[in-house]
Amino acid sequence: MNCVEFERVLLEGEQTPEQRAHLNSCSACSNLLSDLQLISNQAKLLLASDEPSPAVWNALESRLRREGIIRRAEPSRRSFGDLFWRWRTAWLVPVAAALVIVGVLRLHHPAAAGDNAPIAKQSVAPPPVAAAVLSDDQQLLKTVASRPPAQRARYRTELDDANAFIRDAQDAIRNDPNDVYRQQMLINAYEQKEMLYQLAVDHVSEQ
Amino acid sequence: MTDAKRRQGDKLTEAEAIERAKLGDAEAFHALYDLHRRRVYSLCLRMTGNTSSAEDLTQEAFLQLFRKIGTFRGESAFSTWLHRMSVNVVLMQLRKKNLPVVPLEETMEGDEEGTVRKEPGAPDERLAGSIDRLQLQRAVDELPPGYRTIFVLHDVEGYEHNEIADMVGCSIGNSKSQLHKARLKLRELLRMNRAEKAGKK
Amino acid sequence: MCTRDCAAKLITVMALAGVAFAAGEVRKDLHFKVGKRPVISINNPYGPVLVRAGAPHQVVVTAILHSDKVELDQSKSHNRIDIVSHLLSGADKNSGVVEYEIQVPSDANVTLHSDTGRIHAEKLHGDVTVAGSDGPIDVTDCGGGHVHVRTLNGNVSLNNVHGHIEIMSMGGDVLMNEVTGTLVAVNSNSGKIRYAGDFGDEGEYDFTSHTGDIEAIAPALASIDVLARSDQGRVDSDFSLEPKHTPFYAKGGSAFAGTLGKAASSVKLFSFSGKIHLKKRQN
């Protein structure tokens, strides 16, 4: 078998005894084979290696709404999906906790320029909820501790307002967990607090 | 969250998300998008070579899939369905632009001299060590479109030759020979890149 | 169109000419070539950021730095431009001010951030993402993309904006005039929410507040399915609404629900203790 024949049979995959004999005697073909195998194996590095910009989802969501594929849920359907809503709100608090923790981590280990790793994907175990909320507020205030006094005071006020909303919403939902309006209020209250954390953390990572 | 727990959480979330998406729930669609966006976008980017087209095609693939979510029965994996859809969307786009999806039938028989003798420089040299992602990415971007398609579908995405032949509309033999040529071309590009770098030092 | 371009450029030049450069102020001009749908991000802790649509395929930045305690960092990668006002040691909310006037292609996706300054976006069709703290935020004549606004205390004003809109504010008031879209969502803590428009586009309009009052002014021929609830605040409607098909009841608080016309759009007005008033527009 010569090199040309060897290469032709390469395509078929199975290695025949003639091929093996040729490989043992021909370093050029042996190098070729190992290089092609290396390239083929390393190709997996390119799987899911890139991230689309947020604009892609934004445009997609608009289309889905326009075509009626995303539809407004009817109240009866919402109460059927009660579990889903509880899952969603339960998730928000650990995420908010994780956000702050990660934010503080980034303070101490500043991200390199151009680091677009989404915050929520960092693998940090969130602490138990009740303790987390208190300690997270303290973390947030620590994060803004080095800012001008007026800004610090503002974050304190906003934090109080956000917590007041969460308390009112939690009290209301205890009376009727299936109530769509009360569910929405609670979600909105948590989203406001999440916004506060995000604004505080974004500020830090920029400097 | 450990990787295992997150994966488990994702699986539950995907099944749940599909059911919610059938009812038109916005959060559910977003969850499905988040789970698969990197894979779909990377495929489109590899096959088209530019971010603007890749973004448009990513949007189109998800849109076509989401339009049909009501008919999804769960027999095959959701991701298989989505990725097939993405490949079809990209191939259609390449055809529309008259870009060669796969070059015309060529077999190795016509190529009497073979590859080894054509190699520039010392044929005994191996691509030592490993290839990093950026080098490979750059080399793939430089491949002619037809070679790129087959390489991406087979070596990156993991489709078999019979599946590729089906999707692309060529013969299995053609798919195999184009893949081989693509790998050879990549080898050449990677070696040239190495030589350039060595020269610069 | 040349006339519009020329007019915009003239206004910019005149505005700048009107600014007397104080001692220590430095002006920087930047020019970038970009492709379709570029991404532009401006991060400016202190000072205004004004962004308008300009000629296609280019981004023109004029920045006035108020002192040497602030630097302008810029980077361009493929189709993305990042500009950051980098505060040096000793900078404060006066010495750290940079004033930005930027022209971008109308299909650009922009992300704008300022703590104290005014943020203005005009005539853009791409995504507009704004984060502010105290400064006023206004978005005018924008449509087709997503508009996301977050602020602590700055007032937010949207005029003639269409698309997908999400606004979150703690204490800043949110004023919307001729705003429609597939989704218009406003989440406020104590800030007031005021909407004047026709709730068109068969969209979903969700206005929620903790304590801020909500006022919506709609035309007599609006086509909406409306639900308004407040636990502790007063709730009023100037319209006589048709009853909804599905039964409706609220435990506690005040509420009204019903439809107008073909009920094409869904409107939810929720507050914990703010007042809610659905008014009829006086033509």
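## Fold of chain A

From the N terminus on, the elements of chain A run α-α-α-α-α-α-α-α-α, that is, 9 helices and 0 strands. Helices (H or I, at least four residues) and strands (E, at least two) are DSSP runs, numbered from the N terminus.

The model is predicted: local features need pLDDT of at least 70, side-chain atom pairs count only at pLDDT 80 or more, and totals for chains, interfaces and linings use all residues. Residues are numbered from 1 along each chain as its sequence is written, while chains are lettered from A and ligands numbered from 1 in the order in which they are written.

## Interface of chains A and B

In chain A, 44 residues are in contact (C-beta atoms, placed from the backbone, within 7 Å) with 47 residues of chain B. On the chain A side, α1 (3–10), α3 (27–42) and α4 (54–66) each supply at least two residues; α3(A) gives the most, with 12 residues.

## Helix pair in chain B

Helices α2 (residues 26–48) and α4 (residues 78–96) of chain B pack at an angle of about 25 degrees, with their axes 10 Å apart. Axes are lines fitted to C-alpha atoms, for helices over the stretch in contact, and angles run from 0 to 180 degrees between N-to-C directions. The angle makes α2(B) roughly parallel to α4(B), the term for angles under 35 degrees.

Residues of α2(B) that meet α4(B) include H36(B), R39(B) and V40(B); among their partners in α4(B) are S79(B), L82(B) and H83(B).

Conventions
Two residues are in contact if their C-beta atoms, placed from the backbone, lie within 7 Å. Angles under 35 degrees count as roughly parallel, over 145 as roughly antiparallel, 65 to 115 as roughly perpendicular and the rest as oblique.
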